[in-house]
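Hi everyone, thanks for coming. Please have a look at the picture while I walk you through it.

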Amino acid sequence: MPHRLARAALGLAGLAVVAAGWQAGWRMLGPFVLPQPAETVETLARLVVDGEAGPALRVTIVNALGGWAAGAALGTGLGIAAGLAWPLGAALRPVMTVTLGTPPIAFVVLALLWFGPQGGAPAFTVLVTTAPIVFAGAAQGVAARDPQLSEMARVCGAPPLLRLRALLLPQLLDHLLPALATALAFAWKVAVMAEVLAGGSGIGGRIAEARAHLDLAETMAWILLIVGLLLVCDGLLLAPMRRVLRGRRPHVAAG
Amino acid sequence: MLRFDEVTLRWGDGPVLERFDLAVAPGEVAVLLGPSGCGKTSLLRLASGLVRPSGGRVVNGFRRTAVVFQEPRLLPWWSARDNVAFALLAQGVSRDAAREKAGGLLGRFGFSAADCAKRPDALSGGMQSRVAVARALAATPDLVLMDEPFAALDVGLRRDLQDLVRGAVSDTGLAALFVTHDVTEAVRLADRLLVLSARPARIVHDERVAPVAEPSAIHRAAAALLDRPAVRAALLGPGGVVQSSFRR
């Protein structure tokens, strides 16, 4: 417990250093380059009180989490299939590599052309950028199965469902969980970037709007909001995933 | 009855088995001794159905066959108790009943309740081997195939586990096909001793024996076995590596 408290205290100290740097930057560069932290916090409070932050947050959450969930489902399904059937894996791997190597901004532009500005371009972009990450993790997880355990299950006469639960899923999770966590962290960044380009009522769209009005304080306020969302997401989704992974690491063997 | 009828197995650069015949009767503890790489493990893999013969046929008429591999092959994310229960779950036993029976079995193998809850990486090598043996016996097989399961353990621990296996086999009357290249282990466990030649494996010695437990008797029996010219040629000849864990 003391270790956890120390970590939390050090994390807060790191954030305080950033805030101090921001304050110093405002003093040195002036409000046209960097808004005052206090003014940014006031603007953020106003956005929350006026009811502007809530709907924007909802839209971005739907875009990021919706795209991530769809990408995770697609990537997991295809990755497992590719790991189990090598011809499918051989056919899909280059496709996924090309998709992963394509800049997300290219997908935003394509999605805007295909679906229009209000047609779900951010969620689509999140889907196509996260699916290959999850695909790679799932395919690797299936391919890295221990053949000796599979033989053991076979001679025990284990039915497919037991093999799935006792062998495949635990081995898959070792590779899939980090991939899902990476994809989730990526999903927020891609969602906001796509919203900036696509416009709309999400946080990215509001950032684009504030930038157009040269309202630096509001721009920073929206950025603060998305950073807060990332931290909440980390605490609620990524930290439990990390705990699951830590719990699965081998203990020190007894003598 | 387990029967190998003129079984041929080709693997890599040559035949591992060539028209090989062997029968193991119910209740019989047959121990296969042979030099490294002669095809002992292949025989067990054929018997368990993990490998198909290139020729001839393997007929396993036993109701249920269990295997203890060279490595414990435990699920690292499950406790010792759940690893034993796995064999029962595979037979369709309910989770609660499987865990209860697994706990009881491990208790007889010297596990405390705390040990039962440990995952394999928190168990010593000897305890992992016990879990593997318990898993094999949990589903009440009538034939158990054992592939040098104690080869990686030290001599004292190996003897404990040999006694454990011999006791379990005697208590339940199951048949066993045990592979080893340790002469003393063979003498301790067998009521039928089979010595194989180098590849392609053929039986050069087949003898019904009474298992011996006394160290001096084990030594005498092992020495007598090695005195036979055919056995000496197979185990001590070119490529033959004999191992004995007996210490005076």
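This is a predicted model: local features need pLDDT of at least 70, side-chain atom pairs count only at pLDDT 80 or more; totals for chains, interfaces and linings use all residues.

Residues are numbered from 1 along each chain as its sequence is written, chains are lettered from A and ligands numbered from 1 in the order in which they are written, and side-chain values use heavy atoms, with hydrogens and water left out.

Chain A has 10 helices and 0 strands; these are DSSP runs, numbered from the N terminus, with helices (H or I) of at least four residues and strands (E) of at least two. Of its 255 residues, 39% count as buried, meaning under 20% relative accessible area with a 1.4 Å probe, protein chains only.

Now, how many residues of chain A are in contact with chain B? The count is 26, and they meet 26 residues of chain B, where contact means heavy atoms within 4.5 Å.

On the chain A side, helix H7 (147-156), helix H8 (160-198) and helix H10 (216-248) each give two or more residues. The largest share, 8 residues, comes from H7(A).

Finally, the rule finds 2 salt bridges across this interface, each a side-chain nitrogen of Lys or Arg within 4 Å of a carboxyl oxygen of Asp or Glu.

Notes
Buried means under 20% relative accessible area, exposed over 50%, partly exposed in between (1.4 Å probe, protein chains only).
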